[in-house]
Amino acid sequence: MTGKVVTITSGKGGVGKTTSVANIAVALALLGKKVTCIDGDIGLRNLDVVLGLENRIVYDLVDVIEGRCRLRQAMIRDKRLPELYLIPAAQTRDKSAVSPTDMIQLCEELRSEVDWILIDSPAGIERGFKNSIAAADKVLVMTNPEISAVRDADRVIGILESEEKGPASLIINRINPVLVKRGDMLSVEDVLDLLAIDLIGKIPEDDNVLVASNRGQPLVLDSKSKTGMAFGNIARRLLGEKIPFLDLETETLWSKLLGRKR
Amino acid sequence: MRLFGFKKSASSAKERLQLVLIHDRTDLNTSQLESLKDDLIATISRHVAIDPSGVLISIARDGRSQRLIADIPLSTALRHRR
């Protein structure tokens, strides 16, 4: 087995990286793949709660790297799915506990164990980001249709190019079709025109993402969720399938029929 | 509600981003661009007579790469127009 390493990063914080990693990982596992996700945000552990695995943590990423446990011991298995694992971030304050070389070595070991390794990068362009992209075969840059998030995404795309980690693919999250239609939100086309990279996913703004996080149950587990489907489609595109993008505009029609302005 | 003129806010965002991204990507700010322009005028003037007031320097986007575009009118062309 030679697993592929995919890192999700964004520059700006709060655009939905952790939610995406959780959903794409679950989606890949639902498609029968063996998946490990790694929380790369040392000191600010979060992927565990979004996946609902926070109560099962014994060892973390730093424990593996510093040799306090074996790799297998730090891989928490998600009981809802046969082959989904999480390696949680350490809550230590020492961010220098992990180096890019450590991540490359760790991923090298994981590649022989699983099909997909998804890394949740911290925001910013510092050490944690450098660690998260060090082993990546593919980087997904996440943004919102919002001026500062797009600017930061561009910065990160530029860094990825200069580190020869490109070409990155783009996920645009929190699209509000009503605002786009009204001319008060950048459209998918606007963002693609500005950033000039390939699109791999467009995700609508959806209150259910919050509900799913509250419960620790990623939305892809709900087969009726359109947002869940949008995440699932990213997983299938990673597998090489040609999946057309969802038409988010029908959401607008619904809102109109229901007479709501949300 | 449009508080700042009649332009839709998404178009303002896009236009502002286009400018900001050019500067972010090239690390060239407006004053550096001005000094580049002055140097260009000085250098070219040593070889051929140009109209310094008509020189236009701009950066165009082409996908993820940037292109520096200099439009430099020669003085002879200026004489013809008069």
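A crossing of two helices is left-handed if the near helix is turned anticlockwise from the far one by less than a right angle, and right-handed if clockwise. Keep that in mind for the first view. This is a predicted model, in which local features need pLDDT of at least 70 and side-chain atom pairs count only at pLDDT 80 or more, while totals for chains, interfaces and linings use all residues. Residues are numbered from 1 along each chain as its sequence is written, and chains are lettered from A and ligands numbered from 1 in the order in which they are written.

**View 1. Helices α7(A) and α9(A) meet in a right-handed crossing.** Helices (H or I, at least four residues) and strands (E, at least two) are DSSP runs, numbered from the N terminus. The axes of α7 (residues 147–162) and α9 (residues 188–195) of chain A come within 10 Å and cross at roughly 35°; axes are lines fitted to C-alpha atoms, for helices over the stretch in contact, and angles run from 0 to 180 degrees between N-to-C directions. On the α7(A) side, look for A:V150, A:A153, A:D154 and A:I157, and on the α9(A) side for A:V191, A:L194 and A:L195. Residues are in contact here if their C-beta atoms, placed from the backbone, lie within 7 Å.

**View 2. The open sheet of chain A has 8 strands with mixed pairing.** Reading across, the order is β3-β4-β2-β5-β1-β6-β7-β8; two strands pair if DSSP finds at least two bridges between them. At the edges stand β3 (76–77) and β8 (198–204) of chain A, each with a single partner strand, so one side of each has no neighbour in the sheet. Further in, β1 (residues 4–9) and β6 (residues 138–143) of chain A run parallel and are joined by 4 bridges.

**View 3. In chain B, B:R61 sits in strand β1 (residues 56–62).** Not counting residues up to four places away in sequence, B:R61 touches B:I22 and B:Q66. B:I22 is 39 residues away from B:R61 in sequence, yet their C-alpha atoms are 7.5 Å apart.

Terms used
Contact = placed C-beta atoms within 7 Å.
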